[in-house]
Each structure stands twice: as structure tokens, then as C-alpha cells.
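Student: Could we go through this structure together, step by step? I would like to learn the terms along the way.

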Amino acid sequence: MQNVTQQTHNTSPHDTLLTKSLSAADYVSTHDAMLARTLERIALKKEQGLRTPDELWIVDHNDVYTLGQAGKEEHILQRTDTPIIKTDRGGQVTWHGHGQLVVYWLFDLDSIGWSVRNLVSHAEQAIEDVVNDCLQNSSSSISDNISAHARRDAPGVYLYADTDTDTDTDTDTDTDTDNDAQVQNTSLDDKIMLGKIASLGFKIKHGFSYHGIALNINCDLSAFNAINPCGYAGMQMLRLADFLTIQKEPEAQTAQHMHNSLSYEQVTQKLIDNIAKRHAGLIELRAIAPK
């Protein structure tokens, strides 16, 4: 059964971002509702000149494979009991399911002054910010020298390991994601890519975006074995739970264990807060590394 909660997220005195949460959500009904809302917003703007609040839909999907608008079925390697749905976003085939955080961005890009490239970059950098913050503040030694980065040649966010272990780690890197002037070293020449932790795919209709991003937190990654994730044969998919402790049942944990770990809900809130600040213009885009 699908459960829905909704809240208003105040991002600035002049703007509002609505947040809607859906759990155990079937893909088709969720997509249909998202498209209907987008078409309604387009009509209100065109016909009545009304600007409606932008929305973030935070979704916990039931297991599903989705194939993008130009997706090739050859990237589906094995048919399973999990449904395969053709959808209207960009990109190839991916999987959604429990333990994966899906965030749909229903934004009026023209009203907030974003190009499509801005949207993609904000999405990737929001994921980078949150994943790096989680890794850098983790007590697990597994996360040492691991960092999240986007790539210009392949949309999404990937985890990299530093190859130079002698590098002084006591640098001026700022882990405060609220700092607009934060600058990160985006050179990947001295790093080894471990795999992909987050995917993204959007659809733009009359200047309005929908669809969005998917971050693997503590999901079962075996579902990706049946596909070439996002069309890349052999792409290793990763999840945050393999690099730091994700609480399964917070009420059953000791105080010390909770201090050294994060819950799915805490990671979700970090991402919502980062996106909301970007939407309000409080976090600016960092320079994008050249190809």
C-alpha cells in the first residue's frame, strides 16, 4: 500500500518548495501522478499566468526496472519477475527499489532561472555534497580516501579512491555544504573509480522538469546484475551502506552506535536540505571540470 506525506519547505522569504513523500510506491501510478501535476502546472502558467510552487517528491519505490525514452532493450540482460516499464525520461535502463532514495524534481526551470545543464549540475553536486559529507564524517576506516564525483562523460555520481595515500589529508577542504564559496578539486587523474552510487534522468516539458535522481543507500544491489546499468556494460553499482554504517532499526541501537552511524531518513533529510538551498539560490554551482 502506498503511503503519502507532504510538507511545505520554506527555502526563502520569496519562495516555497513543497516536499511530498511516498513509500511502497508503484512506478506507473507515481509516474502518472507526476506527469499530471506537471501538465497542470504548465496549463496554469500558460493560461492564467500563475506560478505554482516547485515540488520534490521523495519516493521509496517497489521493485521495478525502467527503460528511458531512447532506451535499448539489449541492455536488459535477464528477464526476472520484476516489472520492466518503458518511461519518458532520458537515459537507458535502471532499477528502483527499497533502500534506494529516489527524488523527483518538479521544477519550473524558467522561473528559477536554471538551464537544463544547471539542473543536471545541481543534481549531481547535491549528491556529491551529501555523500562526501557522510563519508568524511564517518568513523569507518572503509570510507578513508573515498570521495564522490560527477563525470562529464557519463551522467551520475561515482565513488573514487585516492591512489596517492601519502597525500596530507589535513587540508583546507570545507565539508560545510552550506558554504557557497566551497571549491572542490575535481581532477580525477589521481583517483581510481570504484563504481556508481547515484543515477539521474530528467524529462523537460515546456520548461518544467520532472523525474530526477536515485541514490543507493542500503538497497540490494543484486537487482542491477540483470541489466547494463544506465547502458554501461560491466558498470559496478555501489551503495552508501558499504562505506559507512546505515542504521536499520534506530530504536534498537545503542547511543554510541547511533553516534557513529546514519539512518536512511537522515541521509534523505540532508539531500532535501541541500536541494532546497540550491533551489533558493543559497548554494551556487561549482565550476564543472572539463572533459
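Tutor: Let us begin with a term: two strands pair if DSSP finds at least two bridges between them. Helices (H or I, at least four residues) and strands (E, at least two) are DSSP runs, numbered from the N terminus. In β6, Val 93 is the bridge partner of Leu 67. Please note that this is a predicted model, in which local features need pLDDT of at least 70, side-chain atom pairs count only at pLDDT 80 or more, and totals for chains, interfaces and linings use all residues. Residues are numbered from 1 along each chain as its sequence is written, and side-chain values use heavy atoms, with hydrogens and water left out.

Student: Are the residues of β4 buried or exposed?

Tutor: Val 64 and Thr 66 on one side, and Tyr 65 and Leu 67 on the other, are all buried. Buried means under 20% relative accessible area, exposed over 50%, and partly exposed in between (1.4 Å probe, protein chains only).

Student: Next topic: β7. Which residues point which way there?

Tutor: Gln 100, Val 102, Tyr 104 and Leu 106 point one way, while Leu 101, Val 103 and Trp 105 point the other way. In a regular strand the side chains alternate between the two faces of the sheet. As for cover, seven of the seven residues of β7 are buried.

Student: Which strands pair with β7?

Tutor: Strand β3 (residues 54-61) pairs with β7 in the antiparallel sense over five bridges, and Trp 57 stands opposite Tyr 104. Strand β11 (residues 208-216) is also antiparallel to β7, over five bridges, with Leu 215 of β11 opposite Leu 101.

Student: Where is Gln 100, and what does its side chain touch?

Tutor: Gln 100 is in strand β7 (residues 100-106) and is buried, with a relative accessible area of 1%. A polar contact is a pair of N or O atoms within 3.5 Å; within protein, one must be able to donate a hydrogen and the other to accept it, and residues adjacent in sequence count only if both atoms are side-chain atoms. The side chains of Gln 100 and Asn 216 form such a contact at 3.0 Å. A polar atom of the Gln 100 side chain also lies 3.1 Å from the backbone oxygen of Trp 95.

Student: Finally, how many helices and strands does the protein chain have?

Tutor: The protein chain has five helices and 13 strands, and 49% of its 291 residues are buried.
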